[in-house]
Amino acid sequence: MTTVPTERAALRDALGLLKDREQIAERLLESSAKHSFDPDKELDWEAPLVEGKYYWPPELLSLYGTPLWRKMGEEQRIDLSRHEAAALGSLGVWFEIILMQLLVRHIYDKSLTSNHVRYALTEIADECRHSMMFARMIQKSGAPAYPVSRVNHNLARVLKTISTTPGSFACTLLGEEILDWMQRLTFPDERVQPLIRGVTRIHVIEEARHVRYAREELRRQMLTAPRWEQELTRISCGEAARVFSLAFVNPAVYDHVGLDRREAVAQVRASGHRREVMQSGAKRLTDFLDDIGVLRGVGRKLWQSSGLLA
């Protein structure tokens, strides 16, 4: 009697055997039922902002440790944090809108009654709430929204159109894991505004599920996709890393806090501290991508040029 190998036995990568896709989704659905939040009800949006508190940990601000930072007074540093938090919130909304579209594409041809699809729809609902939460946070802070550059906006439009399935999940992790690392440092930090801490706490808890879903699916895709698709994924992911690292600092914030934009951008690029922050934020992700074979060839060089990989 011939035994048909199960998916669990057949799929193995450098990290070990892959778990059953439906079982993973079932666990994520159970977690979602227990640990999901309505930001409109969970957070006190009517409470006044606290004078003298930062909107983002100082060490995570782009200019921290630079000559410009040393010249700035405390009030100007806090104002920079307010604008950079708004810029990161704007980046988060932009990214999550892309992610929602990629997830809808992923499930379009899959069984509507599967746990895998049900969880994807649950995640899309999470991301809708997150986008509204970030937008409300920006509005509450009194800072403007900071859209990404027109070039990056249109590059993302191309990415959404041509992205492979593994490429979509690799880019998902790129957007989620670096911000997640920063937010894990933000929500327990008592120097930061209570509202910002509440926003980041909700995001961290719910994003942990999204990261698990994307990691498991990317592992599966990198084992089952044809060779050409794997190689295209390596290149597209590397290009996305380059674009994302540039978009992480919006130069317009410097105009709004009375700094010379050109000088500020130059100091950020020369900052060893900033480079260390970005590489530390990306390390868990780059280690994972390296293990499963994404950081190879041209793609690896693009990641190195992005500054996210040493």
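Trainee: Which residues does Ile78 touch, not counting residues up to four places away in sequence?
Mentor: Ile78 touches Gly52, Lys53, Tyr54 and Tyr55, where contact means heavy atoms within 4.5 Å. Before we go on, this is a predicted model, so local features need pLDDT of at least 70, side-chain atom pairs count only at pLDDT 80 or more, and totals for chains, interfaces and linings use all residues. Residues are numbered from 1 along each chain as its sequence is written, and side-chain values use heavy atoms, with hydrogens and water left out.

Trainee: Where does Ile78 lie?
Mentor: In helix H5. Helices here are DSSP runs of H or I with at least four residues, numbered from the N terminus.

Trainee: Is Ile78 buried or exposed?
Mentor: Buried, because its relative accessible area is 13%. The cut-offs are under 20% for buried, over 50% for exposed and partly exposed in between, with a 1.4 Å probe and protein chains only.

Trainee: OK, new spot. Where is Val257 found?
Mentor: Val257 sits in the loop between helix H11 (252-256) and helix H12 (261-270). Val257 counts as buried because its relative accessibility is 7%.

Trainee: What does Val257 touch?
Mentor: Leaving out residues up to four places away in sequence, Val257 touches Gln76, Asp79, Leu80 and His83.

Trainee: Let's do helix pairs. What describes two packed helices?
Mentor: The angle between their axes and the distance between the axes. Axes are lines fitted to C-alpha atoms, for helices over the stretch in contact, and angles run from 0 to 180 degrees between N-to-C directions.

Trainee: At what angle do H9 and H13 pack?
Mentor: Helix H9 (residues 194-224) and helix H13 (residues 272-291) pack at about 20°, with axes 11 Å apart. That angle is why H9 is roughly parallel to H13. Under 35 degrees counts as roughly parallel, over 145 as roughly antiparallel, 65 to 115 as roughly perpendicular and the rest as oblique.

Trainee: Which residues meet there?
Mentor: Val211, Arg215, Leu218 and Arg219 in H9 meet Arg284, Leu285, Phe288 and Leu289 in H13. The residues of this contact divide into 5 nonpolar, no polar and 3 charged. For those classes, Ala, Val, Leu, Ile, Met, Phe, Trp, Tyr, Cys and Pro are nonpolar, Asp, Glu, Lys and Arg are charged, and the others, Gly among them, are polar.

Trainee: And how do H8 and H9 pack?
Mentor: Helix H8 (residues 165-186) and H9 pack at about 150°, with axes 8 Å apart. That makes H8 roughly antiparallel to H9. Their contact has 12 nonpolar, 8 polar and 8 charged residues.

Trainee: Back to Leu218. What is Leu218 in contact with, leaving aside neighbours within four places in sequence?
Mentor: Pro166, Phe169, Ala170, Leu173, Phe288, Leu289 and Ile292.

Trainee: Last topic: which residues touch the most other members in the largest nonpolar core?
Mentor: Of its 90 residues, those are Leu63, Leu174, Leu218, Phe248, Tyr254, Leu289 and Trp303. A nonpolar core is a set of buried Ala, Val, Leu, Ile, Met, Phe, Trp, Tyr and Cys residues joined through side-chain atoms within 4.5 Å.

Trainee: Which helix gives the most to this core?
Mentor: Helix H5 (residues 74-107), with 16 residues.

Conventions: Helices (H or I, at least four residues) and strands (E, at least two) are DSSP runs, numbered from the N terminus.
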